[in-house]
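The report is meant to be read alongside the sequence and the coordinates.

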Amino acid sequence: MRDEKTEEAWWVEEFAGVSLGDPRRTERLIEIAAVLSKNLHASLPQAFAGNPHPLKAAYRFFQTEAIDPEDLHEAHHLQTLRRCQAF
């Protein structure tokens, strides 16, 4: 099991290279991923329970037309490839 600091570092490493047009979007992606990773089977409202502002920010993030899901997949795939090549 990962400790919180290690988990946060993992998400930073996983998505730091994604190009979303604004570094704040990358920061938001990392924040969302960290929350969702602790609540794998939860909906957004369940994952962000008790935190209405981050929940609203997550919805805005996913509704932003500048966010292309393929960019997120590409960043994840590249990191997966790097991890596989390390073995």
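This is a predicted model: local features need pLDDT of at least 70, side-chain atom pairs count only at pLDDT 80 or more; totals for chains, interfaces and linings use all residues.

**Helix 5**

Helix 5 comprises residues 69-85, that is 17 residues, and spans 24 Å between its first and its last C-alpha, close to the 24 Å expected at 1.5 Å a residue. Within helix 5, the residues L72, A75 and Q79 are buried. Because these residues cover an arc of only 65 degrees around the axis, they lie on the same side of helix 5. On the face of helix 5 turned away from that buried side, the exposed residues are P69, H77, C84 and Q85.

**Two buried residues**

T26 belongs to helix 2, which runs over residues 23-37, whereas F48 is found in the loop between helix 3 (44-47) and helix 4. T26 counts as buried because its relative accessibility is 11%, under the 20% cut-off for that class. F48, with a relative accessible area of 6%, is buried too.

| Residue | Relative accessible area | Contacts beyond four places in sequence |
|---|---|---|
| T26 | 11% | F15, A16, V18 and L20 |
| F48 | 6% | I32, V35, P54, L55 and A58 |

One of the contacts of F48 is V35, and the C-alpha atoms of F48 and V35 are separated by 7.3 Å although the two residues are 13 residues apart along the chain.

**The largest pocket**

Rolling a probe the size of a water molecule over the atoms shows where empty space is left. In this model the largest pocket holds about 210 Å³ of space. Its lining is made up of W11, F15, L29, I32, A33, L36, S37, L40, F61, F62, L72 and H76. Helix 1 (4-15), helix 2, helix 4 (52-63) and helix 5 are the elements that give two or more residues to this lining, and helix 2 supplies the largest share, with five residues.

Which classes of residue make up the lining of the largest pocket? By class, 10 of the lining residues are nonpolar and two are polar, while no charged residues are present.

Several residues named earlier return in this lining. F15, which lines the largest pocket, is also in contact with T26. I32, another lining residue, is among the contacts of F48. L72, likewise part of the lining, is one of the buried residues of helix 5.

Terms used: Residues are numbered from 1 along each chain as its sequence is written. Side-chain values use heavy atoms; hydrogens and water are left out. Helices (H or I, at least four residues) and strands (E, at least two) are DSSP runs, numbered from the N terminus. The expected span of a helix is 1.5 Å times one less than its number of residues. Buried means under 20% relative accessible area, exposed over 50%, partly exposed in between (1.4 Å probe, protein chains only). The arc is that of the directions from the helix axis to the C-beta atoms. Contact means heavy atoms within 4.5 Å. On a 1 Å grid over the protein atoms alone, a cavity is a set of points where a 1.4 Å probe fits but cannot get out, and a pocket is an open set with protein on both sides within 12 Å along at least five of seven lines; lining residues have an atom within 4 Å of a point. Grid points are joined across faces, edges and corners, and a volume is the space filled by probe spheres set on the points. Ala, Val, Leu, Ile, Met, Phe, Trp, Tyr, Cys and Pro count as nonpolar, Asp, Glu, Lys and Arg as charged, and the others, Gly among them, as polar.
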